[in-house]
Amino acid sequence: MRAAVLKLGWPLPARAAGEAHDSRLLGEMAFGPLPAERGGPLLEVVTPLLEPAAPWRMAWLSGDPVRVGRCGAVSYRCSDTLLFGTLALDERDFAAPHEGGASALQQAAYRAYRDLFRVLDEQGYPGLARVWNYVPRINAVEGGLERYRQFNIGRQDAFADAGRVLIGAVPAACALGVPDGPLAVAFLASRSAPHAIENPRQVSAYHYPQDYGPRSPTFSRATLLAAGGQSLLFISGTASIVGHRTVHVGDVGAQTAETLDNLQAVIDEAARVEPQARFRLADLACVAYVRHREDLAAVRRVVEARLGPNPPFTYVQADVCRADLLVEIEASAGHPIQESRT
Ligand code: 3EB
């Protein structure tokens, strides 16, 4: 039997500095305070960890050997089928805005996505399935506009300038806040186009009204990707939003329950669109981002009441892109999970 085109190793202990990279490693994301050395597409997400407590990483592994490259700000590795890339941009490298001009963060977001699309075009992996965005001080208001909203402008402009659609066939994504450091982005793309999935309980994010910022965010609720016989599902960061409104403001337990309902709705929608794509919520590999570390126990209680003890979940502390959201959960499925708890 053919090896899986995509496997997830997760959560693995943080790699020791200088350790050689696996020839089948597409890329990895590391959470927590990390050794300085990097090599290959390693996205460092410098944010406090909750569970497991030690620094850990998730590794996307290919069944076939990979090729390594760099293009603009992007470091990438690709198999015949998939390309995983990372980039980190320091806002201080962008000019301070003049009156009414683009903020440094907006410029950095534009550059990040411009370079991302260049890699996809140059290497021939047009099917952008999933993007992870880590934005320093995401909820801070600067120059009269929340930084998440500045990010949305730069991202959307880059999609438009790359000739990409802004609604419909857009990638699954998440956007979380980290205390400091660069704008850090990781992405997974394919030779073939993924199928975008929306959540019938929610207004599509690309149709959010202007109350949430001058430009709506460019992401779909999930993507389904057929790759080498696997049916892969990538679910975007999912929160306690019904329609376009945040619900259960101030109640982290109820927000977690609503988020799980939204995840279930996305799974159901994926199965409706693609009958082969049948996944159980309890089998998804999930990362839960918790705004306040003291809410970890409450989030876990609701997750484990619904999914049973020890589901494949990890917990990270991060800011969520609406100030009233206390928790956000992202997920993936359809790939084997190689678990190795630290
Ligand atoms: C939401 O549903 C919560 O801007 O890329 C979730 C996933 C959210 C992705 C993004 C934002 C993003 O609107 C926030």
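In the loop between β9 (127-136) and β10 (141-142) lies R137, a residue with a positive phi of about 45 degrees although it is not a glycine. The strands named here, like the helices, are DSSP runs numbered from the N terminus, with at least four residues (H or I) for a helix and at least two (E) for a strand. The model is predicted, and for that reason local features need pLDDT of at least 70 and side-chain atom pairs count only at pLDDT 80 or more, while totals for chains, interfaces and linings use all residues. Residues are numbered from 1 along each chain as its sequence is written, and side-chain values use heavy atoms, with hydrogens and water left out.

Two further backbone features involve prolines. The peptide bond from W10 to P11 is cis, with omega near -10 degrees, and P11 belongs to strand β1, which covers residues 7-13. Another cis peptide bond, with omega at about -5 degrees, joins E51 and P52, and here the proline, P52, sits in the loop between β4 (49-51) and β5 (56-61).

Helix α3 spans residues 252-273, and its 22 residues reach 31 Å from the first C-alpha to the last, close to the 32 Å expected at 1.5 Å a residue, where the expected span is 1.5 Å times one less than the number of residues. At its N-terminal end α3 is capped by D251, with a side-chain oxygen 3.2 Å from the backbone nitrogen of G253.

The ligand is surrounded by 14 residues, and the closest are Y148, R155, Y208, R221 and C321; a residue is counted when one of its heavy atoms lies within 4 Å of the molecule. By type, this shell divides into 9 nonpolar, 2 polar and 3 charged residues, with Ala, Val, Leu, Ile, Met, Phe, Trp, Tyr, Cys and Pro counted as nonpolar, Asp, Glu, Lys and Arg as charged, and the others, Gly among them, as polar. The elements that give two or more residues to the shell are α2 (147-161) and β12 (172-178), and β12 supplies the largest share, 3 residues.

Notes:
A polar contact is a pair of N or O atoms within 3.5 Å; within protein, one must be able to donate a hydrogen and the other to accept it, and residues adjacent in sequence count only if both atoms are side-chain atoms.
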